[in-house]
Amino acid sequence: MRRLYVAGNWKMNLNLAEAKALVEGLKKGLAAEAQIDVAVCPPFYMLVALAELLKGTRIGLGAQNCHFEAKGAFTGEISPPMLKDAGCDTVIIGHSERRQYFGEAGELLKKKVVAALGAGLKVIYCIGETLTEREAGRTEAVISRHLREVCGPDVSLDHVTIAYEPVWAIGTGKTATPAQAQEAHACCRSEIAKIYNAAVAAAVPIQYGGSVKPDIARELMSQPDVDGALVGGASLKAANFLGIIEGALAARK
Ligand code: PGA
């Protein structure tokens, strides 16, 4: 059975004091038994300090982006080995905000995924359609295109989680219904089966992201192909994030 995985994408929010308080709140609130995987993805400058606080806990630490080169003249960028050095175990790649505001796509994202995996990081690779694409009936085509940008015989999904995040649901309060999420996740899985094979498709975890809140978490993660959540806004408050984790635990029972 695939493990459930709940990750918090803090985006460009919180200051260091607030971030430390949030991590302490999560440490206090998390049940000791490790039935589901949990991670937080703070802004870059907090990573080293938070890695220290998270040592010996079961909360993973992720970054929100990386460059594809290991080092060099790339002003303002950070490399996968640097993220490892900072204490990260994971990196988010291809988030819709990176695609939308920073023009990231295709070959660039593949290079980032390959570089991150090569540095020993796990990857959360984000995909998902815009409202216009959904209304034009292109959801499946977009899912397929985003997956094929990165997936292929030269990239193993052993350390990759897919995050299906419909752009229309991100930060809008309009969570996809559990049925909509299940339909899209099943589509992701069948695409992955076509690119690789049934065993790879059955093993890869697929998180849902887009306005996940505690009240809908359990129902979302009870769907057969929904293996967790990538949480933005609701990951910024310990009570909300812990509520989503509780929902995940309830979905597992
Ligand atoms: P949201 O963000 O939960 O605030 O909608 C999710 C994401 O962008 O990962």
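Mentor: What follows is a walk through the sheet, then the helices beside it, and last one loop residue. Keep in mind that the model is predicted.

Start with the sheet. Eight strands form a closed barrel in the order S1-S2-S3-S4-S5-S6-S7-S8, and their pairing is parallel. On average, a strand in this sheet is turned by 25° against its neighbour, with direction ignored.

On one side, S4 (residues 90-93) is joined to S5 (residues 122-127) by 4 bridges, and the two run parallel. Within that pairing, Ile 92 stands opposite Ile 124 of S5. S3 is also paired with S4, through 2 bridges, and again the strands run parallel. Here Ala 63 is the residue opposite Val 91 of S4.

H7 (residues 139-150) lies across S5 and S6 (160-164), and runs at about 150° to S5. H2 packs on the sheet as well, where it touches S2 (37-41) and S3 (59-63); the direction of H2 makes about 170° with that of S3.

H2 has a helix partner too. The axes of H1 (residues 16-29) and H2 (residues 47-54) come within 10 Å and cross at roughly 20°. Angles under 35 degrees count as roughly parallel, so H1 and H2 are roughly parallel to each other. Their crossing is right-handed. H1 contributes Leu 16, Ala 19, Lys 20, Val 23, Glu 24 and Lys 27 to the contact, and H2 contributes Ala 49, Leu 50, Leu 53 and Leu 54. By class, the residues of this contact are 7 nonpolar and 3 charged, with no polar ones.

Finally, the loop between H1 and S2 contains Gln 35. Gln 35 has a relative accessibility of 34% and therefore counts as partly exposed. Leaving aside residues up to four places away in sequence, Gln 35 touches Arg 3 and Leu 249. The C-alpha atoms of Gln 35 and Leu 4 are separated by 7.9 Å, although these residues are 31 apart along the chain.

Key
Residues numbered from 1 in each chain as written. Predicted model: local features only at pLDDT ≥ 70, side-chain atom pairs only at ≥ 80, totals over all residues. Heavy atoms only, no water. Axes fitted to C-alpha atoms, helices over the stretch in contact; angles between N-to-C directions. Parallel < 35°, antiparallel > 145°, perpendicular 65-115°, else oblique. Left-handed = near helix turned anticlockwise from the far one by under 90°. Contact = heavy atoms within 4.5 Å. Nonpolar A, V, L, I, M, F, W, Y, C, P; charged D, E, K, R; others polar. Pairing = 2+ DSSP bridges. Buried < 20%, exposed > 50% of the residue type's maximum accessible area, 1.4 Å probe, protein only.
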